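Work through the exercises below with the structure in view. Each task is followed by a solution in steps.

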Amino acid sequence: MILGGFDIVVIALVVFVILVLFAGVKTVPQGYRYTIERFGRYTRTLEPGLNIITPFIERIGARMNVMEQVLDVPTQEVITRDNASVAADAVAFYQVLNAAQAAYQVSNLENAVLNLTMTNIRSVMGSMDLDELLSNRDAINDRLLRVVDDAVQPWGIKVTRIEIKDIRPPTDLVDAMARQMKAEREKRAQILEAEGSRNAQILRAEGAKQSAILEAEGQREAAFREAEARERLAEAEAKATRMVSEAIAAGDVQAINYFVAQKYTEALSAIGTAGNSKIVLMPMEASSIIGSLSGIGAIAKEVFGDGSSPPSPPRPRQVPPRTTPPVNPFNQAPER
C-alpha cells in the first residue's frame, strides 16, 4: 500500500499531538512538589496528582521532597566556657514547607542546613560550662532548635527537631569527674551519718529526760503517800493515847495495864528481831512481866483508889529475887 502525501501529513500530525499530550501531562507523586518554569522563570508549583502544563513553553524546574527528612550531623569538637574539650554529635529533622523558596532561595539545601546546624552546635555548647553541658541536654536541644529554625525560615523549610546524640569528654576528664562524684557521695554519706548520730543522741537525751521526770514524779507521789500514811498512823496513835489517857483519868486500871504491856511487848519484839543479835539476854523472867503488870496495877489502885474507901498509904514493894535471865531458844546462835 502506497501512502500519499496527505496520509503522511495526517499520520505525522497525529504523532505530534500524542507527543504534545505526553509532554503536557505531568504526574506528581505524594510527598513531592514540582516547580514550573516558563522560559526559565518560576510560575507555579504542581501539587500531587495529575497536572497539565504547556509543552515546549513550560518545564519542570525542581522536584522538592516535602516529607520530613533526617540529617545526620557529624561529630564536632567543642571547647566549653571552662576550657574543656568535648566531642558531640547530633541529628536534625527538617521539612520543606515552601517548595519555591527551598528551590530558589538557597543552593544545595541539605548542605546548607547541615553546616548551619554544625556552626550553632559549637556556638551554643561553647557558651556553657562542662557540668551544665552534661546535665542540661534538653536545654541545649531547645536552644539549637530555636536558633537554627529562625535561620532557615527564609529558605521555606521548618526544622522540627535537633537532638544531641552523644557528648564525649576526654578520658582523663571522665576519670576526674568520677573521683569528684565519689568524693561528693562520701561527703553526703558522712553528713547523713553525722545527722543520724545527732538525732539518735537527741532522742536518747529526751528519753533520759522523760525517764528522770517520771521517776521524780513517782518518788514525789511515793513520798506524798508515805507522809500521808505516817500522818494517819500518828493520828491513830494520838487517838489511842488520848483514849488511854481518858480511861486512866476515869480510873480504869485495865487501860494503863494494857498500854504498858503493849509497849513492853513491842520493845521486847524489837530486841528479839534485831539483825545483828544472835543471843538475846532477857532482863527478867517471863513471869516478871505479869508481876510488873500487877505491880503497876496495884500502884494505880493506891493512887486513884477503888472509889469506895479512901486511899491507904502505900506498902513497901517486895523486890523479887534476881535470877539469871534465861536464853531465848528462838534467837540462839546456830551450832558450828
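**Exercise 1.** Determine whether Glu-228 is buried, partly exposed or exposed, and find its salt-bridge partner.

Solution. Glu-228 has a relative accessible area of 26%. Buried means under 20% relative accessible area, exposed over 50%, and partly exposed in between (1.4 Å probe, protein chains only). Glu-228 is therefore partly exposed. Next, Glu-228 forms a salt bridge with Arg-232, with the closest N and O atoms 2.8 Å apart. A salt bridge is a side-chain nitrogen of Lys or Arg within 4 Å of a carboxyl oxygen of Asp or Glu. Because the two residues lie 4 apart in helix α6 (residues 171–249), about one helical turn separates them. Arg-232, at 55% relative accessibility, counts as exposed.

This is a predicted model: local features need pLDDT of at least 70, side-chain atom pairs count only at pLDDT 80 or more, and totals for chains, interfaces and linings use all residues. Residues are numbered from 1 along each chain as its sequence is written, and side-chain values use heavy atoms, leaving out hydrogens and water.

**Exercise 2.** Describe the salt bridge between Glu-58 and Arg-44.

Solution. The side chains meet at 3.2 Å, N to O. The pair links distant parts of the chain, with Glu-58 in strand β5 (residues 58–65) and Arg-44 in strand β3 (residues 41–46), 14 residues apart. Strands are DSSP runs (E, at least two residues) and helices likewise (H or I, at least four), numbered from the N terminus. Glu-58 is buried at 6% relative accessibility, whereas Arg-44 is partly exposed at 29%. Finally, a network of salt bridges links Arg-38, Arg-44 and Glu-58.
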